[in-house]
Amino acid sequence: QVHLQESGGGLVQPGGSLRLSCAYSGDTVAIHRMSWHRESPGKEREVVAGITGGVSTNYSDSVRGRFTISRSYRRSTLYLQMNNLKVEDTAVYYCNAEVRIPDGEGDFDIFDYWGQGTQVTVSS
């Protein structure tokens, strides 16, 4: 089991910045990848950024160059630094942890854990 708790959302003007945090606990050694997703009304949840092994990162085209994902093993926290925010970034942002556990047959059982989400609203 992995427990995730997001924080840092709020209301910001276009062009502003926010930093989201996701504190995690539990069976954290088994975490393979962590990511941020977002969901806005009428749209499906989409992945925004991901980090594997603490260094390998990837971003959606819509946020590349503006958002930065990072992970602190010492603080057991995942971050999303969001700069130059746009109105279309308005959404509930969710933290995800992908856990991989060897199944004893050379493969892995994969489990996904989610936080409760934090609202980000970009508006003038």
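The model is predicted: local features need pLDDT of at least 70, side-chain atom pairs count only at pLDDT 80 or more, and totals for chains, interfaces and linings use all residues. Residues are numbered from 1 along each chain as its sequence is written, and side-chain values use heavy atoms, with hydrogens and water left out. The chain has 11 strands and 0 helices. Here helices (H or I, at least four residues) and strands (E, at least two) are DSSP runs, numbered from the N terminus.

- An open sheet is built from 4 strands in the order 1-3-8-7, with antiparallel pairing. Two strands pair if DSSP finds at least two bridges between them.
- Strand 1 (2-7) and strand 7 (67-72) are the edge strands, and each pairs on one side only.
- On average, neighbouring strands of this sheet are turned by 15° against each other, direction ignored. The axes are lines fitted to C-alpha atoms, and angles run from 0 to 180 degrees between N-to-C directions.
- Strand 1 and strand 3 (residues 18-26) are joined by 6 bridges in the antiparallel sense.
- Val-2 has Gly-26 in strand 3 as its bridge partner.

**Overall dimensions**
- Along the principal axes, the C-alpha atoms fill a box of roughly 55 × 30 × 25 Å.
- Of the 124 residues, 41% count as buried. Buried means under 20% relative accessible area, exposed over 50%, partly exposed in between (1.4 Å probe, protein chains only).
- Among contacts (heavy atoms within 4.5 Å) between residues at least 6 apart in sequence, 56% join residues at least 24 apart.

**Salt bridges**
- The whole structure holds 6 salt bridges. Each is a side-chain nitrogen of Lys or Arg within 4 Å of a carboxyl oxygen of Asp or Glu.
- Arg-38, Glu-46, Arg-66 and Asp-89 are linked in a network of salt bridges.
- Glu-46 meets Arg-38 with the closest N and O atoms 2.7 Å apart. Glu-46 is partly exposed at 33% relative accessibility, whereas Arg-38 is buried at 6%.
- Asp-89 also forms a salt bridge with Arg-38, at 2.9 Å between the closest N and O atoms. Asp-89 lies in the loop between strand 8 (77-82) and strand 9 (91-102) and Arg-38 in strand 4 (residues 31-39), so the pair ties together parts 51 residues apart in sequence.
- Arg-100 and Glu-98 form a salt bridge at 2.8 Å, N to O. Arg-100 is partly exposed at 31% relative accessibility, and Glu-98 is buried at 15%.
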